[in-house]
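Morning, everyone. I have one structure to walk you through today. Please look at the screen, and we'll go step by step.

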Amino acid sequence: MQAWSSDQKIGGTFINMMGDPSGELAAALDMEMTDAGPPSVGIIGRSKRHAIVVDNGEVTFVAVSEGEGDPAGDSDPSATLAEALLKAV
């Protein structure tokens, strides 16, 4: 996550990037990707593509990018991109 954060130049901003290597957070948020999907893309054990806005410890917005036949939201991630989050807040 540090390398990605550095590459995206978010150091010193309000954005926090966090990993979930054991999947505990994904499970607690009910964001586990459980679709059988093609095994070659490694869906099992991954988190759904999602974005959560938290303001002073309160979740104010949740979005998930997924669709029929596209459990990872790769074809249309728009619900979880910055533009959608800016509209939501």
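**Salt bridges, then surface and pocket**

Let's start at K87: this residue is exposed, with a relative accessible area of 68%. Exposed means over 50%, buried means under 20%, and partly exposed is in between, with a 1.4 Å probe and protein chains only. A word on the source: this is a predicted model, where local features need pLDDT of at least 70, side-chain atom pairs count only at pLDDT 80 or more, and totals for chains, interfaces and linings use all residues. Residues are numbered from 1 along each chain as its sequence is written, and side-chain values use heavy atoms, with hydrogens and water left out.

Back to K87. Which residue does K87 form a salt bridge with? The partner is E83, and the closest N and O atoms are 3.9 Å apart. A salt bridge here is a side-chain nitrogen of Lys or Arg within 4 Å of a carboxyl oxygen of Asp or Glu. K87 and E83 are about one helical turn from each other, because they sit four residues apart in helix 3. E83 is exposed too, at 58% relative accessibility.

How many salt bridges does the structure hold? Three. Next, E66 with K48: closest N and O atoms 3.7 Å apart. E66 is in the loop between strand 2 and helix 3, and K48 is in the loop between helix 2 and strand 1, so this pair ties together parts 18 residues apart in sequence. E66 is partly exposed, at 44%.

Then R49 and D74. Their side chains meet in a salt bridge at 2.4 Å, N to O. R49 lies in strand 1 and D74 in the loop between strand 2 and helix 3, so the pair ties together parts that are 25 residues apart in sequence. R49 counts as partly exposed because its relative accessibility is 30%.

Now step back to the chain. It has three helices and two strands. Those are DSSP runs numbered from the N terminus: helices are H or I with at least four residues, strands are E with at least two. Along the sequence, the pattern reads α-α-β-β-α. The C-alpha trace spans about 40 × 30 × 25 Å along its principal axes. Of the 89 residues, 20% count as buried.

On to the surface. L25, L29, I52, V54, V59 and V62 form a nonpolar patch, with about 470 Å² of accessible area together. Patch residues have over 30% relative accessible area and no salt bridge; like charges are joined within 9 Å, nonpolar side chains (Val, Leu, Ile, Met, Phe, Trp, Tyr) within 5 Å. Areas come from the Shrake-Rupley method with a 1.4 Å probe, and for residues only the protein chains shown count as cover. Strand 1 (49-55) and strand 2 (58-65) each supply at least two patch residues. L25 sits in helix 2, residues 24-28. L25 counts as partly exposed, at 47% relative accessibility.

Last stop: the pocket. What gives the most to the lining of the largest pocket? Strand 1, with seven residues. By class, the lining has 20 nonpolar, six polar and four charged residues. Ala, Val, Leu, Ile, Met, Phe, Trp, Tyr, Cys and Pro count as nonpolar, Asp, Glu, Lys and Arg as charged, and the others, Gly among them, as polar. A pocket is an open set of points on a 1 Å grid over the protein atoms alone, where a 1.4 Å probe fits, with protein on both sides within 12 Å along at least five of seven lines; lining residues have an atom within 4 Å of a point.
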